[in-house]
Amino acid sequence: MTDQPGTPPEERLPAPRPSSAPVPAERFTAPPSVHRNDLTPERAGRIVRQSANARWVGFIAVTVVALFVIGYYFWELGLPGGLSEPRLDQASSELQVVAVERGYNLYQANCAQCHGVNGLGPLEPSPGVGPALNRQDKLFAHLNADYLRNILTVGGRYACGNPTSIMPVWSNEGSPPGPLNYKQIDYLIAYIRAEKGTGPYRVLDPELLEPTEDPVTGEEQTIEPWVDPAWTPAPDSTPYPDCWADEFTNPGGSASPGPSGEPTGEVIEEAALGLKFLNQDLQAPADAPFQIEFDNQDPGTPHNIEIKDAGGTSLFAGAIFNGPAVQTYQVPALPAGTYPFICTVHPNMTGTLTAGG
Ligand code: HEC
Ligand SMILES: [Cu+2]
């Protein structure tokens, strides 16, 4: 069995096989034509032509791909020199247009009754009880997107901490939840913060979302954005106060809130309801201090009485307070004459005070 006796079986090498003669086998051979490699001129021409076609195909394919890449590059990033807008900017400005147009409708439906159709609040032709929003000094920094989002989520008390504020919670994320979802809040902010010179934004029919036409001119109606991006505050101005009502507590001019101390003088009465002074003709003594007992009957709406002279200079401005509440103002002596008075917050509320006479 083995030629290596003595070694353990696992170290033994296999026994060599006796050599054998190769087995005769018939070989397949290709026909002689296959082995002929001399080229006829036609065949050489065909090969050259065919390989030229293949090169063309390759060249065209590479060119198409290269052009596509270049075209895509400029489509995506915009043509140099601002010839076209980058695709994403274009898409986002389309979204911006949609947001402003929707926000406008939401504003008109929910906010205009208090803040006015143009956002001018008490200065509207039909004044609203809410403060003006469409003012560059407010829009510059005070009414930023975060502030707007917060006040729409928390409600009017976010502005000045007034728990009886009549401005409700608008966001459905507030407590109690309001009627508007986060998208609608975004739309409102987009409308309030839309800048002049952008757009055009169309006035869409709230139901059909179709553009509306001016009944007189027949032209498509467009939205006038509020924010003027070129506006900057005067160099000596102070920032707009965090609480909008603080703006009125220190009116300009030489107004002083009147001498402190014991109230003295005749007491006359005034009341405000529905954004109107109920008594628009007040009689006061001349040349003697007097008091005005002011009954603000508008719930959650701030009013005061500010007395001016004929030239419009403020002579006295009473403290602004929310109704319903009564406060008594101490008014300094006035020379005989007639004086217009207004509510500082709602300059449309007017009356006339006659001293003496
Ligand atoms: C029922 C009337 C009313 C409605 C409706 C209303 N508001 Fe107001 N809003 C007010 C009043 C009042 C204030 C003042 C809050 C306070 O200090 O009590 C106010 C304050 C604000 C302020 C803060 C203004 C400032 O100068 O700080 C913003 C912003 C505002 N409202 C936006 C809106 C928006 C947007 C809507 C529509 C979704 C809306 N309001 C609907 C009454 C209203
Ligand atoms: Cu008022």
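I count a residue as near a molecule or strand if its C-beta atom, placed from the backbone, lies within 6 Å of it.

**Entry 1: Ligand shell**

I looked up the surroundings of ligand 1 and found 25 residues around the ligand. The closest are Cys-111, Cys-114, Gly-130, Ser-165 and Met-167. Helices (H or I, at least four residues) and strands (E, at least two) are DSSP runs, numbered from the N terminus.

**Entry 2: Source and conventions**

I note that this is a predicted model, in which local features need pLDDT of at least 70 and side-chain atom pairs count only at pLDDT 80 or more, while totals for chains, interfaces and linings use all residues. Residues are numbered from 1 along each chain as its sequence is written, and chains are lettered from A and ligands numbered from 1 in the order in which they are written.

**Entry 3: Overall form**

I recorded 9 helices and 11 strands for the protein. The radius of gyration, taken over C-alpha atoms, is 43 Å, well over the 21 Å that the globule rule gives for 357 residues, so the protein is more spread out than a compact globule. The globule rule is 2.2 Å times the number of residues to the power 0.38. The C-alpha trace spans about 150 × 75 × 45 Å along its principal axes.

**Entry 4: Packing against α8**

I examined α3 (residues 87-110) against α8, and their axes are 7 Å apart at an angle of about 95°. Axes are lines fitted to C-alpha atoms, for helices over the stretch in contact, and angles run from 0 to 180 degrees between N-to-C directions. The two helices α3 and α8 are therefore roughly perpendicular. Angles under 35 degrees count as roughly parallel, over 145 as roughly antiparallel, 65 to 115 as roughly perpendicular and the rest as oblique. The contact of α3 with α8 divides into 9 nonpolar, 3 polar and 2 charged residues.

I next took α6 and α8 (residues 182-192), whose axes come within 10 Å and cross at roughly 135°. That makes α6 oblique to α8. On the α6 side the contact uses Ala-145, Leu-148, Arg-149 and Leu-152, and on the α8 side Ile-185, Leu-188, Ile-189 and Ile-192. Two residues are in contact if their C-beta atoms, placed from the backbone, lie within 7 Å.

**Entry 5: Backbone geometry**

I found a cis peptide bond between Ser-175 and Pro-176, with omega about 0°. Pro-176 is in the loop between α7 and α8. Another cis peptide bond joins Gly-323 and Pro-324, with omega about -10°.

Technical notes
Nonpolar A, V, L, I, M, F, W, Y, C, P; charged D, E, K, R; others polar.
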